[in-house]
Amino acid sequence: MQLVENTNWPSMTRLILSASWQTAFHVHYNRLPVLLHCSHGWDRTSQVAALSQLLLDPHYRTREGFSTLVEKDSLSFGWTWRRKE
């Protein structure tokens, strides 16, 4: 477990999940538009956007919807999956 902690992965996952929940909360409950911009690169921005959409729209929780979401928010923007090792 120590090796996982050293990667800072749990902390980053917690931050992305928190930002996604906050985004979905403001869109759904407060009916506010949001602008996402993460200061450490576009990876986190698209991750927060995609997770927020999963929380807000049940369509994206289906196989077809999830496929659309991955294509729309990752592949269309040139996310290079192979370099994310």
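Student: What share of the 85 residues in the protein do buried residues make up?

Tutor: Buried residues account for 24% of the 85 residues. Buried means under 20% relative accessible area, exposed means over 50%, and partly exposed lies in between, with a 1.4 Å probe and protein chains only. The model is a predicted one: local features need pLDDT of at least 70 and side-chain atom pairs count only at pLDDT 80 or more, while totals for chains, interfaces and linings use all residues. Residues are numbered from 1 along each chain as its sequence is written, and side-chain values use heavy atoms, with hydrogens and water left out.

Student: How many helices and strands are there?

Tutor: The protein has four helices and zero strands, and the elements run α-α-α-α from the N terminus on. Helices (H or I, at least four residues) and strands (E, at least two) are DSSP runs, numbered from the N terminus.

Student: How far apart are the end C-alpha atoms of helix 2?

Tutor: The end C-alpha atoms of helix 2 (residues 9-28) are 28 Å apart.

Student: Which residues of helix 2 are buried?

Tutor: The buried residues of helix 2 are Pro10, Met12, Ile16, Ser20, Thr23 and Ala24. They cover an arc of only 165 degrees around the axis, which puts them on the same side of helix 2. The arc is that of the directions from the helix axis to the C-beta atoms. On the other side of helix 2, Arg14, Leu15 and Trp21 are exposed.

Student: Why can residues three or four places apart point the same way?

Tutor: An α-helix has 3.6 residues a turn, so residues three or four places apart point the same way.

Student: What does threonine 23 contact?

Tutor: Threonine 23, in helix 2, is in contact with Val34, Leu36, Val48 and Ser52, leaving aside its neighbours within four places in sequence. Contact means heavy atoms within 4.5 Å. Threonine 23 counts as buried because its relative accessible area is 10%.

Student: Which residues form a nonpolar patch on the surface?

Tutor: Trp21, Leu55 and Leu56 form it, with about 310 Å² of accessible area together. Patches are made of residues with over 30% relative accessible area and no salt bridge; like charges are joined within 9 Å, and nonpolar side chains (Val, Leu, Ile, Met, Phe, Trp, Tyr) within 5 Å. Accessible areas come from the Shrake-Rupley method with a 1.4 Å probe, and for residues only the protein chains shown count as cover.

Student: Changing topic, where is arginine 31?

Tutor: Arginine 31 is in the loop between helix 2 and helix 3. Its phi is near 55 degrees, a positive value in a residue other than glycine. Most residues other than glycine have a negative phi. Arginine 31 counts as exposed because its relative accessibility is 65%.

Student: Is leucine 35 buried or exposed?

Tutor: Leucine 35 counts as exposed, at 81% relative accessibility. Leucine 35 is also in the loop between helix 2 and helix 3.

Student: Which residues of helix 4 are buried?

Tutor: In helix 4 (residues 63-73), the buried residues are Gly65, Leu69 and Asp73. They cover an arc of only 40 degrees around the axis, which puts them on the same side of helix 4. Arg63 and Glu64 are exposed on the other side of helix 4.

Student: What does aspartate 73 form a salt bridge with?

Tutor: Aspartate 73 forms a salt bridge with lysine 72, and the closest N and O atoms are 3.1 Å apart. A salt bridge is a side-chain nitrogen of Lys or Arg within 4 Å of a carboxyl oxygen of Asp or Glu, and the count comes to one. Aspartate 73 is buried, with a relative accessible area of 9%, whereas lysine 72 is partly exposed, with 31%.

Student: Which residues does glutamine 53 touch?

Tutor: Glutamine 53 touches Tyr60, Leu69, Lys72 and Asp73, not counting residues up to four places away in sequence. Glutamine 53 lies in helix 3 (residues 42-56) and is buried, with a relative accessible area of 19%.

Definitions and conventions
Expected span 1.5 Å × (residues − 1).
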